[in-house]
Structure formats: C-alpha cells, structure tokens
Amino acid sequence: MAIVASPPPGRDLASVPGASGARQFWRRLRAQRAALVAAGVVALLVLLALAAPLLTAIEGQDPTTYHPSLIDSARGGVPVGSFGGVSGDHWLGVEPQTGRDLFARLVYGARVSLGVALGATVVQVLVGVVVGVAAALGNRWIDQLLSRITDIFVAMPLMIMSLALLAIVPSSFPRPLLVALVIGLIAWGNTAKIVRAQTLTLKGLDYVSAARLSGWNTWRIARRELLPGLAAPVITYAALLVPMNISAEAALSFLGVGVKPPTPSWGQMLTAANVWYQAAPQYLLLPAGALLVTVLALTVLGDGVRTALDPRAASRLRVGTGRKREAKADADSKKAATDVDSRKAAKDVDSEKAATDADSKKGTADASAKKEAKA
C-alpha cells in the first residue's frame with residue numbers, strides 16, 4: 001500500500017513541491033491588482049452580453065424596433081430630447097434616423113463582438129497547435145512544408161484577405177460565424193510558430209526522451225508529455241489574441257463586410273455613427289468607449305495571465321513604485337556584496353596576522369630549543 005505524505009499543519013499546500021499548479025497560478029494572479037480589476041471588467045462585460053435579453057426586457061425595448069416618433073425629421077433625423085433622447089424608456093438614448101434603442105443595440109452588440117472574437121481565437125489556437133506540433137514532431141520534409149505554409153499565412157494581410165473572402169460568400173451563411181471562421185483561418189500563423197518553437201524545446205528534455213525510449217508512439221508523446229508543457233504559452237497567447245480579434249471584427253464591420261444589419265455589433269454601430277459624431281456624439285462615443293474598455297481590459301488580463309504562468313518574466317505594466325523597488329533591491333544586493341567583500345578582506349587580514357604570530361612563536365620556540373641544547 002502506497003503511503004502519501006501530507007503537508008505539515010499550518011503550511012500552505014501551494015508551497016509544497018508537487019502541489020497543484022492551478023493553485024499557484026491563482027495565487028500569483030491574485031497578487032496583481034491590475035489583472036484582478038481587468039478580470040472583473042471582462043466578467044462584467046460577459047455578464048452583460050449573456051444577460052442582454054433579460055436587460056432589454058427590463059428596459060422594455062429591443063435592438064431592432066424603429067421609433068420614428070423619437071426622431072426630429074426636420075433636423076435630419078436627430079433624436080428628440082437632450083443627450084440623444086435619454087429617458088426612462090431609453091436608458092442610453094436612441095439611434096439617429098431610425099430611433100432604435102441604443103442600450104439594446106449596445107448589449108446585443110457585445111454578444112456579437114465577444115462571440116466572434118472568442119470563436120476566432122478558438123479556431124486560431126486549434127489550427128496553430130495542430131500545425132505547430134506536427135511540424136516539430138515530423139521529419140525534415142514535413143517540417144519544411146508546414147513551416148513554409150505557416151510563413152505564407154503570416155505574411156497574408158488579414159484585412160485584405162478577409163475583405164476578399166467575406167465579399168464572395170453568399171449572404172445566407174450566418175455572418176458572425178463566417179467572420180469568426182475567416183479571422184481564425186487566416187491569422188493562425190503566429191500561434192503555429194510559437195507552438196513549433198516551444199515543442200522543439202520540449203523535445204530535448206529528459207522526460208520526453210525517456211518516453212520515446214520506452215516505446216511510446218508520437219501521438220502518445222504529444223498528448224501525454226508535450227501538450228501539458230504547451231498549455232502555459234498557448235493560454236497566454238490566446239488571452240492576447242482575444243482583444244486583437246475584437247479589433248479585427250470591428251474593423252471589418254466598419255468597412256461594411258462584417259456583421260450585416262439588422263444584427264448589431266460595435267463595429268457596425270461605429271460605421272453608422274461615422275456621419276453623426278457632431279449632431280449625436282453619444283452614438284459614436286458609446287460603442288467606441290465599450291470597444292476601448294474591452295480591448296484594454298483583455299490586454300491587461302492577458303499580461304497578468306502571462307506573468308502568473310511565468311513568474312520569472314517581468315510584467316510590462318510594472319512602473320513607478322515597481323521600478324523603485326527594483327532599484328532598492330539592486331542597491332541592497334550591491335551593499336550586501338560589498339559587506340561580504342569587506343568581511344572577506346578582514347578575515348584574510350586576520351588570517352595573515354595569525355600566520356605571522358604563529359611563525360614568530362615558532363621562531364622563538366626554536367631559539368629556546370637551540371639554547372637549551374647548547375646548555
């Protein structure tokens with residue numbers, strides 16, 4: 001019967017060797033306040049997107065119903081009332097020319113933008129991991145072929161290729177799904193490069209060599225030994241891909257080839273608000289602000305995840321007091337090194353003095369012995 005040692009009472013399990021890596025990850029992530037705030041913002045945005053039907057039902061509006069009575073046609077379609085028609089029935093006002101509720105379109109647009117970004121990220125990660133691992137574990141010809149294909153996709157301009165592909169696909173195909181697939185199937189090259197480089201590093205480790213010598217096939221080695229080691233860099237890069245994909249979806253919708261009306265998205269709202277930034281500035285500021293906050297929060301969260309998964313890497317967000325702490329730590333280390341050198345020098349002096357005293361005593365003893373011998 002195997003005996004499992006338990007940690008001593010009062011000792012944190014995360015500090016015991018072999019403890020769960022997930023606990024250590026959460027402990028390091030909780031130590032970063034900026035990452036926690038960003039995670040809270042992202043969680044709030046996701047909650048708003050998921051609860052869009054409930055929130056709009058509470059408001060009593062929907063994202064597609066027109067309200068012509070709330071539009072001043074004499075002024076070119078500007079919303080009636082102050083702040084773009086803000087009222088108890090329309091919490092953020094209404095859309096110019098159509099009178100559609102801005103709050104409803106904003107929260108439903110969050111569902112589309114976040115869903116497209118997450119779907120594209122999943123496609124990028126899956127294709128990149130498969131191609132990167134296959135290139136690293138294959139023979140020379142497979143590696144060269146897959147690497148050249150990856151270079152081609154990395155060199156492809158995302159916007160131009162997306163414009164071309166989205167323009168030729170029939171309109172009957174679900175547009176959010178199509179945008180996610182196009183972004184994911186074009187922009188997976190950098191993920192494959194990172195996975196290939198990391199897999200080549202892991203191949204040279206002792207435990208992978210031991211698994212190969214024990215007779216495991218390539219698929220089992222990749223599944224049991226390599227994929228757990230690839231989890232940290234892949235998760236880190238995926239967290240940084242989400243804000244990039246949100247920006248890509250917004251750009252495609254802004255160019256008119258993304259999500260089609262009446263389905264709302266933040267990029268599509270920015271496109272429609274292009275000519276209303278003076279007459280109805282809130283129509284432009286609301287989706288732009290939501291997009292800015294989302295991208296910024298996801299970027300900060302991605303940096304926090306990277307630092308938590310690799311605690312040796314310094315965070316790019318470390319400024320101000322962090323630099324002062326680093327300077328103080330460097331000064332303390334230099335002072336400690338100086339103290340060690342001075343102690344070593346004093347010890348050497350004491351050793352030389354002791355050796356000199358010993359030599360003088362020995363000389364005195366020899367002289368006394370010679371005098372006694374002559375006597």
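A residue is called buried when its relative accessible area is under 20%, exposed when that area is over 50%, and partly exposed in between, using a 1.4 Å probe and protein chains only. By this rule, 36% of the 375 residues of the protein count as buried.

The model is predicted, so local features need pLDDT of at least 70 and side-chain atom pairs count only at pLDDT 80 or more, while totals for chains, interfaces and linings use all residues. Residues are numbered from 1 along each chain as its sequence is written, and side-chain values use heavy atoms, with hydrogens and water left out.

**The whole chain**

Begin with the entire protein in a cartoon view. Its secondary structure comes to 13 helices and 2 strands; these are DSSP runs numbered from the N terminus, with helices being H or I of at least four residues and strands E of at least two. Next, show the surface. The protein exposes about 22,000 Å², and carbon and sulfur atoms supply 65% of that area, as given by the Shrake-Rupley method with a 1.4 Å probe. Contact here means heavy atoms within 4.5 Å. Of the contacts in the protein with a separation of 6 or more, 68% are accounted for by residues 24 or more positions apart.

**Helices 4 and 10**

Select residues 102–137, which form helix 4, and residues 218–254, which form helix 10; the two pack at an angle of about 145 degrees, with their axes 8 Å apart. Axes are lines fitted to C-alpha atoms, for helices over the stretch in contact, and angles run from 0 to 180 degrees between N-to-C directions. To see the contact, display side chains including Ser113, Ala117 and Val125 of helix 4, together with Leu226, Val234 and Ile246 of helix 10. By class, this contact has 18 nonpolar, 5 polar and 1 charged residues. In that count Ala, Val, Leu, Ile, Met, Phe, Trp, Tyr, Cys and Pro are nonpolar, Asp, Glu, Lys and Arg are charged, and the others, Gly among them, are polar.

**The nonpolar cores**

Which residues have the most contacts inside the largest nonpolar core? Select Ile246, Trp266, Tyr283 and Leu291, which hold that place in a core of 30 residues. A nonpolar core is a set of buried Ala, Val, Leu, Ile, Met, Phe, Trp, Tyr and Cys residues joined through side-chain atoms within 4.5 Å. Among the helices that each supply at least two residues of this core are helix 1 (21–30), helix 2 (33–50) and helix 11 (266–272). The largest share, 9 residues, comes from helix 12.

Now centre on Trp266. Not counting residues up to four places away in sequence, Trp266 touches Leu106, Gly109, Ala110, Ser113, Pro287, Ala290, Leu291 and Thr294. A second, separate core of 14 residues includes Val112, Leu178, Val179 and Leu252.

Move to Gly304, found in helix 12. Gly304 counts as buried because its relative accessibility is 1%. Leaving out residues up to four places away in sequence, Gly304 touches Leu29, Gln32 and Ala35.

Then select Val131 in helix 4. Is Val131 buried or exposed? Val131 counts as buried, because its relative accessibility is 15%. With residues up to four places away in sequence set aside, Val131 touches Leu146, Thr150, Trp188 and Ala192.

**Loops to finish**

Select Leu70, in the loop between helix 3 and strand 1. Leu70 is partly exposed, as its relative accessible area is 25%. Apart from neighbours within four places in sequence, Leu70 is in contact with Val78, Pro79, Val80, His90 and Val94. Tyr66 lies in the loop between helix 3 (52–59) and strand 1 (71–72). Neighbours within four places aside, Tyr66 is in contact with Thr98 and Arg100.

End at Gln97, in the loop between strand 2 (78–79) and helix 4. Gln97 is exposed, with a relative accessible area of 56%. Gln97 is not a glycine, yet has a positive phi of about 70 degrees. Most residues other than glycine have a negative phi.
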